[in-house]
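Please prepare a briefing on the structure shown below.

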Amino acid sequence: AVASVDSLFHGDQGVHAASSGNEVWKSSPYYVADAAAKLKVDALGGELKVQLDNEEIFFVVPPGALLGEVEIEIWGYKFRTPDGTVFLYECSPSGLTFTVPMWVNHPVTGADLPIAGMFYNADGAWRWSLVDVAPIVNGRALFEIDHFSKYGITYH
């Protein structure tokens with residue numbers, strides 16, 4: 001099974017913040033890298049790439065997912081913990097919904113298990129819920145999201 005983001009970030013084993021990451025998340029002893037990317041997307045869709053520690057993460061908005069033009073921004077953070085690798089994403093504008101789910105095409109390197117898990121932070125408190133488990137195929141996992149918020153992706 002994939003460990004939850006909660007178990008990776010409680011006690012002395014991780015990040016102690018629920019609010020917007022930036023400097024707090026970067027102060028973790030397990031912090032590896034962070035990056036951000038912006039893109040204006042409209043009804044035709046688009047693809048945003050976040051480069052983290054030589055890994056490319058693709059956020060794909062399919063045609064028809066948005067009704068009008070929106071500038072989207074994704075902040076990504078990578079952590080290497082004793083329990084596995086964790087990626088956290090702050091997606092804005094927070095609460096933006098998609099009429100067709102968008103895809104997160106995520107690299108997975110050095111995993112012991114053939115799956116990766118996606119977690120969602122619903123209320124800003126330090127509570128994460130597992131929303132998807134994806135098989136790792138050719139070193140990548142593919143997830144769907146229907147709105148912007150904070151997400152975490154883990155693998156072992």
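In this predicted model, the side chain of His 106 makes a polar contact of 2.6 Å with the side chain of Tyr 89; a polar contact is a pair of N or O atoms within 3.5 Å, where, within protein, one atom must be able to donate a hydrogen and the other to accept it, and residues adjacent in sequence count only if both atoms are side-chain atoms. His 106 lies in strand β6 (residues 97–107); helices (H or I, at least four residues) and strands (E, at least two) are DSSP runs, numbered from the N terminus. Residues are numbered from 1 along each chain as its sequence is written, and side-chain values use heavy atoms, with hydrogens and water left out. Because the model is predicted, local features need pLDDT of at least 70 and side-chain atom pairs count only at pLDDT 80 or more, whereas totals for chains, interfaces and linings use all residues.

**Surroundings of His 106**

- His 106 counts as buried, at 0% relative accessibility; buried means under 20% relative accessible area, exposed over 50%, and partly exposed in between (1.4 Å probe, protein chains only).
- Apart from neighbours within four places in sequence, His 106 is in contact with Ile 57, Phe 87, Tyr 89, Gly 139, Arg 140, Ala 141, Phe 143 and Ile 153, contact being defined as heavy atoms within 4.5 Å.

**Aromatic pairs**

- Six aromatic pairs are counted; rings of Phe, Tyr and Trp (its six-membered ring) pair if their centres lie within 6.5 Å, and planes under 30 degrees apart count as stacked, over 60 as edge-to-face and the rest as tilted.
- The rings of Tyr 31 and Phe 79 have centres 6.4 Å apart and planes at 70°, so this pair is edge-to-face.
- Tyr 31 belongs to strand β1 (residues 31–41) and Phe 79 to strand β4, so the pair ties together parts that are 48 residues apart in sequence.
- Tyr 31 is partly exposed at 26% relative accessibility, whereas Phe 79 is buried at 0%.
- Phe 87 and Tyr 89 form a stacked pair, with 6.4 Å from centre to centre and 5° between the planes.
- Phe 87 is buried, with a relative accessible area of 0%.
- One aromatic cluster is formed by Phe 59, Phe 87, Tyr 89 and Tyr 155.

**The sheet containing β6**

- Four strands form an open sheet in the order β2-β3-β6-β9, with antiparallel pairing; two strands pair if DSSP finds at least two bridges between them.
- The edge strands, β2 (46–52) and β9 (140–147), each pair on one side only.
- Neighbouring strands of this sheet are turned by 20° against each other on average, direction ignored; the axes are lines fitted to C-alpha atoms, for helices over the stretch in contact, and angles run from 0 to 180 degrees between N-to-C directions.
- Seven bridges join β2 to the antiparallel strand β3 (residues 55–61).
- The bridge partner of Leu 52 in β3 is Glu 55.

- Most residues other than glycine have a negative phi, and most peptide bonds are trans.
- Asp 53 has a positive phi of about 50° although it is not a glycine, and the phi of Asn 54 is near 65°, again a positive value.
- Asp 53 is partly exposed, with a relative accessible area of 33%, while Asn 54 is exposed at 73%.
- The side chain of Lys 78 makes a polar contact of 3.0 Å with the side chain of Asp 53 and one of 2.6 Å with the side chain of Glu 55.
- Lys 78 lies in strand β4 (residues 70–81) and is buried, with a relative accessible area of 3%.
- Beyond neighbours within four places in sequence, the contacts of Lys 78 include Tyr 30, Tyr 31, Leu 52 and Phe 87.

**A cis peptide bond**

- The peptide bond from Ser 92 to Pro 93 is cis, with omega near 10°.
- Pro 93 is found in the loop between β5 (84–92) and β6.

**The chain as a whole**

- The chain has two helices and ten strands, in the sequence pattern α-α-β-β-β-β-β-β-β-β-β-β.
- Of the 156 residues in the chain, 47% are buried.
- Among contacts with a separation of 6 or more, 67% are between residues 24 or more positions apart.
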